[in-house]
Amino acid sequence: MFNKQEEKCQEKAVIPIIAMTANAFEEDRRNAFKAGMNGHIAKPIHVEELFSLLAEMIK
């Protein structure tokens, strides 16, 4: 059974983190995922691509 603090940590664990960087190389993308990111999008940001990634993250 979880205490209140552990429950809060569990809720935070499901918040997706998306890296937004000027680095568009595949190696940069892999590094973002290695660092614990759930997604990666390179600048300049294209709105359609951003919305698509966000939609995938909240499924």
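Biologist: Which residue is the bridge partner of Ala19 in β2?
Modeller: That's His40. Bear in mind that this is a predicted model.

Biologist: Okay. And in which sense do β1 and β2 pair, parallel or antiparallel?
Modeller: Parallel, over four bridges. Strand β1 covers residues 18–21, and β2 covers residues 39–42.

Biologist: What does the chain go through on its way from β1 to β2?
Modeller: Helix α2, residues 26–34. That gives a β-α-β crossover, and the crossover is right-handed.

Biologist: How do the elements run from the N terminus on?
Modeller: The order is α-β-α-β-α, so to speak a list of three helices and two strands.

Biologist: Switching to the surface. Which residues make the nonpolar patch?
Modeller: Val47, Phe51 and Leu54 make a nonpolar surface patch of about 290 Å². Val47 sits in helix α3, which spans residues 47–57.

Biologist: Is Val47 buried, exposed or partly exposed, and why?
Modeller: Val47 counts as partly exposed because its relative accessible area is 47%, and that class lies between the 20% and 50% cut-offs.

Biologist: What about the whole chain, how much of it is buried?
Modeller: Buried residues account for 14% of the 59 residues. The accessible surface comes to about 5200 Å², with 57% of that belonging to carbon and sulfur atoms.

Biologist: Last one, on contacts. Of those between residues at least 6 apart in sequence, what share joins residues at least 24 apart?
Modeller: For the protein chain, that share is 15%.

Notes. Residues are numbered from 1 along each chain as its sequence is written. This is a predicted model: local features need pLDDT of at least 70, side-chain atom pairs count only at pLDDT 80 or more; totals for chains, interfaces and linings use all residues. Side-chain values use heavy atoms; hydrogens and water are left out. Buried means under 20% relative accessible area, exposed over 50%, partly exposed in between (1.4 Å probe, protein chains only). Contact means heavy atoms within 4.5 Å. Accessible areas come from the Shrake-Rupley method with a 1.4 Å probe; for residues, only the protein chains shown count as cover. Patches are made of residues with over 30% relative accessible area and no salt bridge: like charges are joined within 9 Å, nonpolar side chains (Val, Leu, Ile, Met, Phe, Trp, Tyr) within 5 Å. A salt bridge is a side-chain nitrogen of Lys or Arg within 4 Å of a carboxyl oxygen of Asp or Glu. Two strands pair if DSSP finds at least two bridges between them. A crossover is right-handed if, with the strands pointing away from the viewer, the path from the first strand over the helix to the second runs clockwise.
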